[in-house]
Amino acid sequence: MIGDRLHPMAETRTEATGAMRTSVTVQSTIVAGTEPAAGRVRDSIGELRIRTLTKRERELLGLLANGWSNRRIANESLLSLHTVRTRVQNILVKLGVHSKLEAVAFAFEHGLVPPQRSSRS
């Protein structure tokens, strides 16, 4: 009986995990800058969201895009970890996204942060 109830749940979890992987792959593609620039459509809502960010929030978003953790940002900026978390949350709300990954993808997609070039030869 218990085994019968676990099996459908396991299938649902597998489907959800597959959907998450697809979502992360799509976001990674955007972050990597492999989307064709010519195919981009002017996004007035996105531009409006960008204008709501303060200069400091844009700087913080750039640090996130460079892979900095909240703790590193706090240490380097001489801010408390609580302050950094609050500011990151404010950025997420202003951009209308749910995670730091989505915020970084949004930043790359809208040209807030230029894609990094690899310095390795």
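This is a predicted model: local features need pLDDT of at least 70, side-chain atom pairs count only at pLDDT 80 or more; totals for chains, interfaces and linings use all residues.
Visitor: Let's start with the overall picture. What makes up the secondary structure of this protein?

Guide: There are 6 helices and 0 strands.

Visitor: How much of the protein is buried?

Guide: Of its 121 residues, 24% are buried.

Visitor: Why is Leu61 called buried?

Guide: A residue counts as buried when its relative accessible area is under 20%. Leu61 has a value of 1%, so Leu61 is buried. You can find this residue in helix 3, which covers residues 55-65.

Visitor: Which residues does Leu61 touch, leaving out those up to four places away in sequence?

Guide: Leu61 touches Leu53, Ile91, Leu95, Ala103, Val104, Ala107 and Leu112. Take Leu112 as an example: 51 residues separate Leu61 from Leu112 in sequence, yet their C-alpha atoms are 8.6 Å apart in space.

Visitor: How do the contacts of the protein as a whole divide by sequence distance?

Guide: Take the contacts between residues at least 6 apart in sequence: 61% of them join residues at least 24 apart.

Visitor: Which residues touch the most other members of the largest nonpolar core?

Guide: They are Leu60, Leu61, Leu64 and Leu95, in a core of 22 residues. Helix 3, helix 4, helix 5 and helix 6 each supply at least two residues of this core. Helix 5 gives the most, with 6 residues.

Visitor: Why are helix 3 and helix 6 called roughly perpendicular?

Guide: Their axes cross at roughly 105° and come within 9 Å. Angles of 65 to 115 degrees count as roughly perpendicular. The crossing angle falls in that range, so helix 3 and helix 6 are roughly perpendicular to each other.

Visitor: Which residues meet there, between helix 3 and helix 6?

Guide: From helix 3 come Leu61, Leu64 and Ala65, and from helix 6 come Lys100, Ala103, Val104, Ala107 and Phe108. The residues of this contact divide into 7 nonpolar, no polar and 1 charged.

Visitor: Which hand does the crossing of helix 4 and helix 5 have, left or right?

Guide: Helix 4 passes helix 5 in a right-handed crossing. On the helix 4 side, Asn70, Arg71, Ile73 and Ala74 make the contact, and on the helix 5 side, Leu81, Val84, Arg85 and Val88 do. These residues divide into 5 nonpolar, 1 polar and 2 charged.

Visitor: Where does Leu78 lie?

Guide: Leu78 lies in the loop between helix 4 and helix 5. Although Leu78 is not a glycine, its phi is positive, at about 60°.

Visitor: How do you know that Leu78 is exposed?

Guide: The word exposed is used for a relative accessible area over 50%. Leu78 has 77%, so Leu78 is exposed.

Conventions
Residues are numbered from 1 along each chain as its sequence is written. Side-chain values use heavy atoms; hydrogens and water are left out. Helices (H or I, at least four residues) and strands (E, at least two) are DSSP runs, numbered from the N terminus. Buried means under 20% relative accessible area, exposed over 50%, partly exposed in between (1.4 Å probe, protein chains only). Contact means heavy atoms within 4.5 Å. A crossing is left-handed if the near helix is turned anticlockwise from the far one by less than a right angle, and right-handed if clockwise. Ala, Val, Leu, Ile, Met, Phe, Trp, Tyr, Cys and Pro count as nonpolar, Asp, Glu, Lys and Arg as charged, and the others, Gly among them, as polar. A nonpolar core is a set of buried Ala, Val, Leu, Ile, Met, Phe, Trp, Tyr and Cys residues joined through side-chain atoms within 4.5 Å. Axes are lines fitted to C-alpha atoms, for helices over the stretch in contact, and angles run from 0 to 180 degrees between N-to-C directions. Angles under 35 degrees count as roughly parallel, over 145 as roughly antiparallel, 65 to 115 as roughly perpendicular and the rest as oblique.
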